[in-house]
Amino acid sequence: MSIAEKAAQLRSLVRLISDSAEAVIAEWETEGDTPHDVSLVPRLPSKELFEARRVFIGACGMGMDLVHDPFVRMTEVAASFYNSQALRIAAETRIADALKDANPQKGVSVQEISRQVGIAPEGLSKILRTLSSLHIFAEVEENFYCNTNTSRHLVNNEPLRCWLMVHCMETFTAAGKLPQVLYNTVGKPSTGLRSAFQTAYDYTGSVWEWIEESIVQPDGTVGPRPELDIWLTGMWKFGLEHVQAPAVCLDFPWEAVGSKTVVDVGAGVGGMSFELATRYPKLQFVVQDRPVILEKAKEFWTSSLPDAGVKNRVRFHPQNFFEEQSVKGADIYILRHIMHDWADDECVTILKSLREAMGPESLILVADNVMQTTAGSPHLKPAPAPLPANYGFAHTFANMHDLLMFSMFNGGERTVGGFESLAVRAGLKVTRVWECRGFTSLTEMKRDDHVA
């Protein structure tokens, strides 16, 4: 790239940053000072704010790459594991809670923080300085710290704390084996291959089986792994039910569905159905999972939305999604965060079981991250030039999560083309992608009656 081309690209990026920044400010002003409890969940952004954010973040990331020293930039990426581990330590030891009453002008000394969290000041200061450079905490003067607008979301927020730890713990042990797994996959079918997680832990079962195992506790008794509560709290109470559910409940025309039946396949406690039930009182639901999970689901629904059971709006059916679907001809079958847990062959088996149960007008909605590539897809909105079609840096978490799911499950997030390939093998066709304001979008599938 010539100097003139680089200069033109940088000026274009600066214009994008300026324009998107003004759009963000306008949305802030429209939003005003509406009270919002930051200890609970993020507020779903307006469509305008969602778009302005990803343009701004993508342009900043591309600009950083353009002006940075290439060798330093790649070195920073190579060493970024330590940023994650610094955040893990902060989450595990509840540093944000220790700073909740700190004066933002004076801060709290590292010695006092050390006393509360149980880490020696010398090491703790390295963690805090690393995270302060990322604007997660602030060092107001040397060795005195306070929360920022980012870290204050962690104060007394156990679901968010666990959500962060889920992404910092076993995943990195598994990721260390990712090269070994990748180098041994050429020419081999994906089904049956050991995942990076299984390789790292020398374990033959799934992640879920490992998490649910009973182990010897420090006091000699046998009990659940400590990771189990972290996963349940982080994934169910924060990640799946709050971070990812609201957008898919608002960015699809559920109101028009009316009183039709939604079958939530592999639903867990039925978090997405619960969100839909609270917003759309005409919808009917069938929550499906393993019997042990359904017991928890019944408790959750009974305590949280008792009228649903009274009015027969929700039924609970034990179901193995690899076997024949017991509910025939339902209007909508939802697969929320199911497909990314499995390799292609298993996904086809899941879809085939639904295909056989579908009526002529039935829909399958796959609620998963829909990966946009830098080259783009006709099904997805592209970023404005000169950004790559997937908004570049703003797409970072999607790519990281794709590698996470591959490391843990031999699964992964999929492009529209990836979903189309699975659909064809199962006798289905992708009819639309509903892009949503968040990590999760909805890929709509129907029966392809031209397939025998």
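The legends below describe several close-up views of one predicted model.

Residues are numbered from 1 along each chain as its sequence is written, and side-chain values use heavy atoms, without hydrogens or water. Local features need pLDDT of at least 70 and side-chain atom pairs count only at pLDDT 80 or more, while totals for chains, interfaces and linings use all residues.

**View 1. Glu444 in strand 14.** Glu444 belongs to strand 14, which covers residues 441–447. Helices (H or I, at least four residues) and strands (E, at least two) are DSSP runs, numbered from the N terminus. Glu444 is buried and has no salt bridge; Lys446, the nearest side chain of opposite charge, is 4.5 Å away. Buried means under 20% relative accessible area, exposed over 50%, and partly exposed in between (1.4 Å probe, protein chains only). A salt bridge is a side-chain nitrogen of Lys or Arg within 4 Å of a carboxyl oxygen of Asp or Glu. For charge, Lys and Arg count as positive and Asp and Glu as negative, with His and the chain ends not counted. The side chains of Glu444 and Trp434 are joined by a polar contact of 3.1 Å. A polar contact is a pair of N or O atoms within 3.5 Å; within protein, one must be able to donate a hydrogen and the other to accept it, and residues adjacent in sequence count only if both atoms are side-chain atoms. Beyond its neighbours within four places in sequence, Glu444 is in contact (heavy atoms within 4.5 Å) with residues including Phe252, Leu363 and Arg432.

**View 2. The loop between strand 9 and helix 19.** Met339 is found in this loop, between strand 9 (332–336) and helix 19 (344–357). Met339 is buried, with a relative accessible area of 0%. Not counting residues up to four places away in sequence, Met339 touches Cys347, Leu351, Val366, Asp368, Arg414 and Leu422. Gly411 is 72 residues from Met339 in sequence, and their C-alpha atoms are 7.6 Å apart. His337 is in the loop between strand 9 and helix 19 too. His337 has a positive phi, near 55°, although it is a residue other than glycine. The relative accessible area of His337 is 8%, so His337 is buried.

**View 3. Asn156 and helix 8.** Asn156 is in the loop between strand 3 (144–147) and helix 8. Phi of Asn156 is positive, about 55°, and Asn156 is not a glycine. Asn156 counts as exposed because its relative accessibility is 55%. At the start of helix 8, a side-chain oxygen of Asn157 comes to within 3.1 Å of the backbone nitrogen of Leu160. Helix 8 (residues 158–166) has buried residues, among them Leu160, Arg161 and Trp163.

**View 4. The second largest cavity.** The whole structure holds two cavities of 30 Å³ or more. On a 1 Å grid over the protein atoms alone, a cavity is a set of points where a 1.4 Å probe fits but cannot get out; lining residues have an atom within 4 Å of a point. The second largest cavity contains about 40 Å³ of space. Its lining consists of Ala90, Ala91, Arg94, Ile95, Ala96, Asp97, Leu154 and Arg161. Helix 5 gives the most to this lining, with three residues.

View 5. The bond from Ala385 to Pro386 is cis, with omega near 5°. Pro386 lies in the loop between strand 11 (370–371) and helix 20.

Key:
On a 1 Å grid over the protein atoms alone, a cavity is a set of points where a 1.4 Å probe fits but cannot get out, and a pocket is an open set with protein on both sides within 12 Å along at least five of seven lines; lining residues have an atom within 4 Å of a point. Grid points are joined across faces, edges and corners, and a volume is the space filled by probe spheres set on the points.
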